[in-house]
Amino acid sequence: MPGPENRVVPHFREELEQCKARLLEMGGMAEEEVRLSITGLVERDNALIERVMRGDGPINSLHIEIDSRCFTLLALHQPMAADLRAIVAAVKINTDLERVGDLAVNIAEAARRYLMHPPVKRLIDIPRMATIAQSMLRDALDAFVRRDTDLAQRVLDEDDKLDALKTQIFRELLTYMLQDPTTIEPALDLILVSRHLERIGDHATNVAEDVIFIVSARDVRHHAADAGR
């Protein structure tokens, strides 16, 4: 007859998998909120923007639930080594995803202000930034579930593209503001949107760094370029 410790392990695994599943669900929700906020901006859809601004309740609820699950696992099972790293990383990833949800709301707020003015320009690079940021987030979460350090490293490598686009957007909008002072307010909101998207990429990068930490016990937060070595 199996001892108590043998009965605990399958339960622990099941609970850990539940945490991962809930993180994936939360990540999907956060990514969708980002997509909707950018769609609302590009299509000048106030109803969509308002929907994002009212829609972060489920993400906040999941944030609390996942933290509770992780802390219960730590308290009841006192895991060691890779399992401990996985739970600690899950807590960190949970916070990153909640902040992505907050950033989607911030984008919606900037978009709502932007729509009070005539368009400054055709929006090309901001949707491109959003696509990259969403892809980074999705890949980082896939890497977490699959324990795939190669995919995590690709997420880290994508971050430079977001930085370059943000700089490009700032320079272009600065030119508009210098030429026409009436564009200053809406252009500043577009610059804010680009910064929020960059921050979403940073949170995806955090998740990717946590994957490398879980799998290989290496902390690459301050030297991500060396992660693949």
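**Figure 1. Classes of residue around the largest cavity of the predicted model.** The lining of the largest cavity divides into six nonpolar, no polar and three charged residues. This view, like those that follow, comes from a predicted model. The residues of the lining are Lys121, Leu123, Ile124, Asp125, Ile126, Ile169, Glu172, Leu173 and Leu190.

Figure 2. Helices α5 and α6 (149-179) are the elements that give two or more residues to the lining of the largest cavity. The largest share, three residues, comes from α6. The volume of the largest cavity is about 60 Å³, and the structure holds one cavity of 30 Å³ or more.

**Figure 3. Packing of helix α5 with helix α7.** Two packed helices are described by the angle between their axes and by the distance between those axes. Helix α5 covers residues 125-146 and helix α7 covers residues 184-216. The two helices pack at an angle of about 15°, and their axes are 9 Å apart. Angles under 35 degrees count as roughly parallel, and α5 is therefore roughly parallel to α7. The crossing in which α5 passes α7 is left-handed.

**Figure 4. Residue classes in the contact of α5 with α7.** What classes of residue make up the contact of α5 with α7? The contact has 19 nonpolar residues, together with three polar residues and one charged residue.

Technical notes:
Residues numbered from 1 in each chain as written. Predicted model: local features only at pLDDT ≥ 70, side-chain atom pairs only at ≥ 80, totals over all residues. Heavy atoms only, no water. Axes fitted to C-alpha atoms, helices over the stretch in contact; angles between N-to-C directions. Helix = DSSP H or I, 4+ residues; strand = E, 2+ residues; numbered from the N terminus. Parallel < 35°, antiparallel > 145°, perpendicular 65-115°, else oblique. Left-handed = near helix turned anticlockwise from the far one by under 90°. Nonpolar A, V, L, I, M, F, W, Y, C, P; charged D, E, K, R; others polar. 1 Å grid on protein atoms, 1.4 Å probe; cavity = no way out; pocket = protein on both sides within 12 Å on 5 of 7 lines; lining within 4 Å. Points joined across faces, edges and corners; volume = space filled by probe spheres on them.
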